[in-house]
Amino acid sequence: MLSTTLPLLSLGAVAVPFVTALIIVMTPQRAAKWLCITAAAISTLFTLLIWGNLAASGLDSITVPLAQFGSTQVIGLIFDKVSVMLAPCFVGIGLLISIYSVGYMNAGNREHPDAPRRRFYAFFTVFIGAMAGLVYSSTVIGQLMFFEITGACSWALIGYYDTPTARKAAMKALILTHIASLGLYAAAAILYMNTGTFETTAIAQLAPNVKIACLILILIAAWGKSAQLPFYMWLPSAMEAPTPVSAYLHGASMVKVGVAVFARALIGAGQIPEVVGWVVVIGGILTCLFAFLMYLPQKDMKRLLAFSTISQLAYIFLGFGFYIFGSNLALSGSITHIFNHAFTKTLFFLIAGAFSYTMGTRMLPKLKGVLKKRPILGVGFGVAALSIAGAPPMNLFFSKYVIFCGGIEAAEHNPILMAIVIIALIETVGCFAWFLKWTGAVLPGEPSEVVEASQPVPKPMVGVFIVLIILVMCSSFVAAGWLG
């Protein structure tokens, strides 16, 4: 029964947004936002039903083939603890952002007055469907298909305002992530040539040297999508996009494609040579330190959050590296961090967008006394900042803690690896101090001139903030209960 129900629900979660996007293009502009919200709501419902069905079955994993060429499986679906948890997260955040956009994308926006256009909602709806498809894909070919669709959507949405800067940023994102995607193409070829299939679980069958090549090629693609060194440049430039797009890119879509693809490869790889672990942890720690140094001088809230995203994703890659060195705990921490970070960073970006909407600026030195004048924005800023800083009881504290516990476990008899863990811990302390500094500067006191002159926050935006604040406070418990 499940082998029929789950595929139908997952195909619905993917197909409904794609079909709706076509309908959006052919209907009056005023209907676009409601069609987008409806499609996202239906897709979210389907992903939650998949979660509930798998939980009720008591099974850990179900794989269903969809398309075969001869004896070669080309497209398939996998339902396990990772995919069924991440899909509702990514799709559900798309729903929340589409609701937020109803308040944000209008002529009352003080930074970007704009009547919402059909192409925004069409591409955004496709993006939501593509994320569901990528998470459920059990083959490298399936991942590649949705990998490229997300790239096309990001190009269209980053360049939405059609200014020279926006067009340049969109092209930069497309080119850099597409160059990185060549690693996934090459990995697919290696996998097929050596195993006769594209299933990610077939990576375990590869000879050690071939497995090293395959995993590092997938890692390169993951670095590109997740904006790690040396591909990071596209992400800060992507801030030219409307804030709902920035929030989805950083919270639940584009940057999560890389870590989701690499996580799936690791889960299916069996015993992994340590050389892959060294590449992963060295890349992770270098990116972590670089991003930290880059976000220190930032005054534009969105650019600060962009470099913070790069740093947070580096923690996830560090956890993956610690897993390769023998810590299953670190892998659980990284998967949980993907889940938790999606809610936190989405909230933070949407708060930045609300500052732009109501105050006409997101430059942090101009913002003071927000808590007194706009309490909901102040609470949202404080919750998101403390979560990024890793302060308990916010969600990112728990997933960071598990990653570092896994790192210490993996590095017990490895002094070089232990040094990397210690350096990452020091960076975390610096991150805590820096976000605490901005929290103290922005929230308390009498409102500054721009804060005093702010306009009320639209109700759709307020509703989304409340939901996300609750999720930031409780998502770790959901992940811990599910992943065990």
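**Helix H7 and beyond**

Modeller: Buried residues in H7 are Lys211, Ile212, Cys214, Leu215, Ile218, Leu219, Ala221, Ala222, Trp223, Gly224 and Lys225. Bear in mind that this is a predicted model. H7 covers residues 208-225. What lies over its buried residues? The cover includes helix H5 (140-158), helix H6 (164-195) and helix H8 (234-237). It also includes helix H10 (254-267), helix H11 (274-295) and helix H12 (301-324).

Now the length. H7 has 18 residues, so at 1.5 Å a residue it should span 26 Å. Its end C-alpha atoms are 26 Å apart, which agrees. After H7 comes Ala227, with a positive phi near 55°.

Another positive phi belongs to a hairpin. Gly70 has a phi near 70° in the hairpin of E1 and E2, where two residues lie between the strands. Strand E1 (residues 61-69) pairs with E2 in the antiparallel sense, over eight bridges. Val64 has Leu77 in E2 as its bridge partner.

Asp80 belongs to strand E2 (residues 72-80). Is Asp80 buried or exposed? Asp80 is buried, because its relative accessible area is 8%, and the cut-off for buried is under 20%. Beyond its neighbours within four places in sequence, Asp80 contacts Leu54, Asp60, Ser61 and Arg264.

Last, a helix pair. The axes of helix H16 (residues 395-410) and helix H19 (residues 459-483) come within 7 Å and cross at roughly 35°. Asn395, Phe398 and Ser399 in H16 meet H19 at Leu471, Val472, Ser475, Ser476 and Phe477.

Definitions and conventions: Residues are numbered from 1 along each chain as its sequence is written. This is a predicted model: local features need pLDDT of at least 70, side-chain atom pairs count only at pLDDT 80 or more; totals for chains, interfaces and linings use all residues. Side-chain values use heavy atoms; hydrogens and water are left out. Axes are lines fitted to C-alpha atoms, for helices over the stretch in contact, and angles run from 0 to 180 degrees between N-to-C directions. Helices (H or I, at least four residues) and strands (E, at least two) are DSSP runs, numbered from the N terminus. Contact means heavy atoms within 4.5 Å. Buried means under 20% relative accessible area, exposed over 50%, partly exposed in between (1.4 Å probe, protein chains only). Two strands pair if DSSP finds at least two bridges between them. The expected span of a helix is 1.5 Å times one less than its number of residues.
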